[in-house]
Amino acid sequence: MTLLLNRLTLNLGHRDVRRDLGNAYDMHRTLARAFASGPDDTVQPFLWRLETTREAEPPKLLVQSQGEPRWEQLPAGYLQAHAQAQRSWPLRPTLPKGSPWPSGCAPTRR
């Protein structure tokens, strides 16, 4: 399995961006458009995080997913076209199968 990490630069001049920056639910709803084939389609799972930037810099998002996003499905002008980056990496298990929990990380029993 491969994970994709996208770094997106938002266009602060777009009114939907300004709305979404004020409401995490609206941001998630807008980004979900890139992970569904159509309005009635199931949205592929994804995670996003708003990055801290300097005051003069446009806002940036990190978006992680397994499926390839279709950023063209976002509102026109939502992203700054020249400032997108994508990275992919294979997902590997942290612990080999059957190995014991590292000390200090064992699950607690109640």
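Predicted model: local features only at pLDDT ≥ 70, side-chain atom pairs only at ≥ 80, totals over all residues.

Trainee: Fine. How many residues are in the largest nonpolar core?

Mentor: The largest nonpolar core has 15 residues. Those with the most contacts inside it include Leu10, Leu61 and Trp71.

Trainee: And which elements give two or more residues to this core?

Mentor: Helix H2 (24-32) and strand S3 (60-65) do. The largest share, three residues, comes from H2.

Trainee: What does Leu10 touch, leaving out residues up to four places away in sequence?

Mentor: Among its contacts are Val17, Met27, Pro58, Leu61, Tyr78 and Leu79.

Trainee: Rings next. How many aromatic pairs does a search of the whole structure find?

Mentor: Two. Phe35 and Phe46 are stacked, because their ring centres are 4.5 Å apart and their planes are at 10 degrees. Phe35 lies in the loop between H2 and S2 and Phe46 in strand S2, so the pair ties together parts eleven residues apart in sequence.

Trainee: And the other?

Mentor: Phe35 and Trp71 pair edge-to-face, 5.8 Å centre to centre with 85 degrees between the planes. Trp71 is in the loop between S3 and strand S4 (85-90), so this pair ties together parts 36 residues apart in sequence.

Trainee: Are Phe35 and Trp71 buried or exposed?

Mentor: Both are buried.

Trainee: Now the outside. Which residues form a nonpolar patch on the surface?

Mentor: Leu12, Leu21 and Leu50, with about 230 Å² of accessible area together. Leu50 is in strand S2 (residues 46-51) and is partly exposed, at 39% relative accessible area.

Conventions
Residues numbered from 1 in each chain as written. Heavy atoms only, no water. Patch = residues over 30% accessible without salt bridge, like charges linked within 9 Å, V, L, I, M, F, W, Y side chains within 5 Å. Areas by Shrake-Rupley, 256 points an atom, 1.4 Å probe, with all protein chains shown as cover. Salt bridge = Lys/Arg side-chain N within 4 Å of Asp/Glu carboxyl O. Helix = DSSP H or I, 4+ residues; strand = E, 2+ residues; numbered from the N terminus. Buried < 20%, exposed > 50% of the residue type's maximum accessible area, 1.4 Å probe, protein only. Core = buried A, V, L, I, M, F, W, Y, C linked by side-chain atoms within 4.5 Å. Contact = heavy atoms within 4.5 Å. Phe/Tyr/Trp six-rings, centres within 6.5 Å; stacked < 30°, edge-to-face > 60°.
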